[in-house]
Structure formats: C-alpha cells, structure tokens
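Subject: Structure handover

Hi there,

Here is the structure I promised to pass on to you.

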Amino acid sequence: MMQTISTTLGPVRLLGENATPIWGMSNAERNRRMAQSAAKNGSTLAPGHELVFNLAYAFDPLLLRLVLETPGTMFAWAGQPIVGQVPAGSDPMQATNVVYLSDGRKLYNRQLRKLEQPMVRELVPQTRKAIERQSYFGAYKGVTDLLTKYLWPELALILTRIAAQLKMTPNMVSVIGVTLCLVATFLFAKGLFWTGFLCGFIFMVLDTVDGKLARCTITSSKWGNVIDHGVDLVHPPFWWYFWGVGLTYWGLGLSAGTFTFIMTAVIAGYILQRLIEGMFLKDFKMDIHVWRPFDSQFRLITARRNPNMVILFVALLSGRPDIGLIALAWWTIISLVVHAVRLAQAYIVHRSGQPIVSWMDEAEAAA
C-alpha cells in the first residue's frame, strides 16, 4: 500500500503500513514529525521531488538530513528502500544515488559528533523495545563528558520511556529540571551540600532526559532549546559561587583573597573556555572537541559542570568541600590552558596551509 501526505516540507510518500508504535506514536506519525522538524530547520525539497519513507522500518534521523542535502539519494537496506528524496512518482530504487547501508558502512554525524553505522531496523512488535533503546542511544553525542557518556544513559532511558508514555513534553521535563537547579543553588548557599547535591544530580539527569525525549519523539521546539541550552550555559558559575558562600556553615569559609582568586578562576576560566570553543567553531566550522582524538578524549574530563561536580563529590565524601572548590578552580585553569594551546596549534596548522579536518571525517573517508 502507498499513500501520499502533505507536510510543510513538501509531499511525502509512505510505503506500506505499520501498526507497531514507537515512542508512543505510529511510525507514520514519527516520519511526519521528522519531515515537519526538517522544514522548521530550513530544509527544502528539490523542485519536482518528494520524500519517500518505508513504514516497515525505523531509521536514524541522520539519514533524513543527508537525503535532504542530496536530492536523488535513496538509502536502502537489503534491497528495500528506507528513506530518500526522489522525483515525484518515480521508482524509489531507481534513484540517481542508491546507498546500501547493510554493508556496515559508517557515517559521520556532525550534529552529534560521532562516527557510527546509522540505525536501520524492521519495526515489528518483537523489535520495538530494542529499536527504542537503539534510537535513544543514537541520540547521544559521541563526544561528551564521562557522566553523560557512561553513568546517566540507563537511568535516563527509563525516565525517557516513562515521560514518553505519560505524553510529557520535553519542556515539562525542562521546567522540573530548572526548578531543581534553582533549589540546588539555594541549598548550596546555605551549606546544605548533600541535599543540594541530590537536587543537582536529579537536575543533571533530567538535563539529559529532556534532550533525548525531544530527539526520540521529534518534539523539539525553539523555546525548549533556548531554555535547555540557556540554563546549561548560565548556571554553573552560580553553583560554584554559592558553594563557596555555603562553606561558612561548615566552618570552612575561605579568606577574602582566596575566595576572590577562586571565583576569578572559575568564572573567567569558564567564560574564556566558551569563547575559545566559539572561536574554533567560527574559524574552522567544527567543534574543537572533534579535531583530533586527544580533543575528544579530553572532552570527557574537561572543566565543565559534570566533571566539576565529580571533584566536589569526592571532596564532600572526605568532609572537605573547601578543598573541592579549590581543586575545581585549578582544574578550570588547567583546562583553559589546554584549550588555549589547542586553539593556537590549530591556527599554526591552518597558516601552514594544511586543512583543519576532524579525525571523524578522516575515518569516514577511509571507511
């Protein structure tokens, strides 16, 4: 069976039928949402072309982004069309560029900073949970911090599934998380570090859940992104400042000079690292953490919120939250130096006439 539907992106042809739900919706609805989301992000169809989705399969949204960039492309699996942009009404498998993914090839996902074989699986009741799990993990960035990469995923998967079944929107999850973030800030200021840490921990997990829920259910929104990324960008220095304020309740208050040094280091270091990352992105059109394998590995532990919270947690376990804040400040300085050196090295390489290319791009080309 075949049906054609209209979306803001343009005409979409759906091949077959499928009653098996995925993330609480039909596969047809999931594909429609992906097309609508692509249109919101500025994608268009080539004149006289249409999108083709095979409802028998679930696939990584990366494939849709790629076919929208290259009209005439059809991704296929074991001889079956999966998703493509082809001339309206034409045979999908007679597209100009048919790419067979069942050979195990890997593609570089620049948006999520990872190189992997994109998910393509037949969607039936027996595979639904496995597909949801694979699509959930597929929504993770390949280059991120230790906690997000190794500690959060299983817990966040459970919460994401619950939120999807309850028909919660990512913005609802974000509001709960932001509230806990503010509560944690207040508790830190009062020296209630353990209670604040618990609120902060839940917030950090929910900070993963809202993004994964948005990607898995294709329900991201402009304001949701603003809230999510805005809070992520702004709140860490406030946590470190009020942690320092709360030390007085433990009888571990820092001297005025030490406190000023620490706050200067953590706030200036945080801002300067962000500026360095912005300069790298502006001048070389890619994230600094995907340049070389070293940069991707260093992103696991660089002085961002999650690695910094590990430092504070270890210090809190030992009963010395003051030493934790001091260590955090020095780690921020070290991370700043590393990023500054890497930026300088990139400029040197560029001026020598060599291109600045991600190691993932190189690996994809060599595959």
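At roughly what angle do the axes of helix H9 and helix H12 cross, and within what distance do they come? Keep in mind as you look that this is a predicted model.

The answer is roughly 25°, with the axes of H9 (residues 256–284) and H12 (residues 321–351) coming within 9 Å. Angles under 35 degrees count as roughly parallel, so H9 and H12 are described as roughly parallel to each other. The crossing in which H9 passes H12 is left-handed. As for what lines this contact, the residues of H9 and H12 there sort into 22 nonpolar, six polar and two charged.

Two other helix pairs are worth a look.

- H6 and H7: helix H6 spans residues 170–189 and helix H7 residues 193–217, and they pack with their axes 8 Å apart at an angle of about 160°. The two are therefore roughly antiparallel. Their crossing is left-handed, and the contact of H6 with H7 involves 19 nonpolar residues, five polar ones and one charged.
- H3 and H5: here the axes of helix H3 (residues 128–138) and helix H5 (residues 153–165) lie 11 Å apart, and the packing angle is about 120°. That angle makes H3 oblique to H5. The crossing of H3 and H5 is right-handed.

Next, the charged pairs. Side chains of opposite charge can pair when their charged atoms come close. In this model the count comes to 14 salt bridges. One of them joins glutamate 50 to arginine 13, with 2.4 Å between the closest N and O atoms.

Finally, the surface. Which residues make the nonpolar surface patch of about 680 Å²? They are Trp194, Tyr249, Trp250, Val310, Phe313, Val314 and Leu317. Helix H11, covering residues 305–317, gives the most to this patch, with four residues. Phenylalanine 313, named in the patch, is found in helix H11.

Note on methods: Residues are numbered from 1 along each chain as its sequence is written. This is a predicted model: local features need pLDDT of at least 70, side-chain atom pairs count only at pLDDT 80 or more; totals for chains, interfaces and linings use all residues. Side-chain values use heavy atoms; hydrogens and water are left out. Axes are lines fitted to C-alpha atoms, for helices over the stretch in contact, and angles run from 0 to 180 degrees between N-to-C directions. Angles under 35 degrees count as roughly parallel, over 145 as roughly antiparallel, 65 to 115 as roughly perpendicular and the rest as oblique. A crossing is left-handed if the near helix is turned anticlockwise from the far one by less than a right angle, and right-handed if clockwise. Ala, Val, Leu, Ile, Met, Phe, Trp, Tyr, Cys and Pro count as nonpolar, Asp, Glu, Lys and Arg as charged, and the others, Gly among them, as polar. Patches are made of residues with over 30% relative accessible area and no salt bridge: like charges are joined within 9 Å, nonpolar side chains (Val, Leu, Ile, Met, Phe, Trp, Tyr) within 5 Å. Accessible areas come from the Shrake-Rupley method with a 1.4 Å probe; for residues, only the protein chains shown count as cover. A salt bridge is a side-chain nitrogen of Lys or Arg within 4 Å of a carboxyl oxygen of Asp or Glu.
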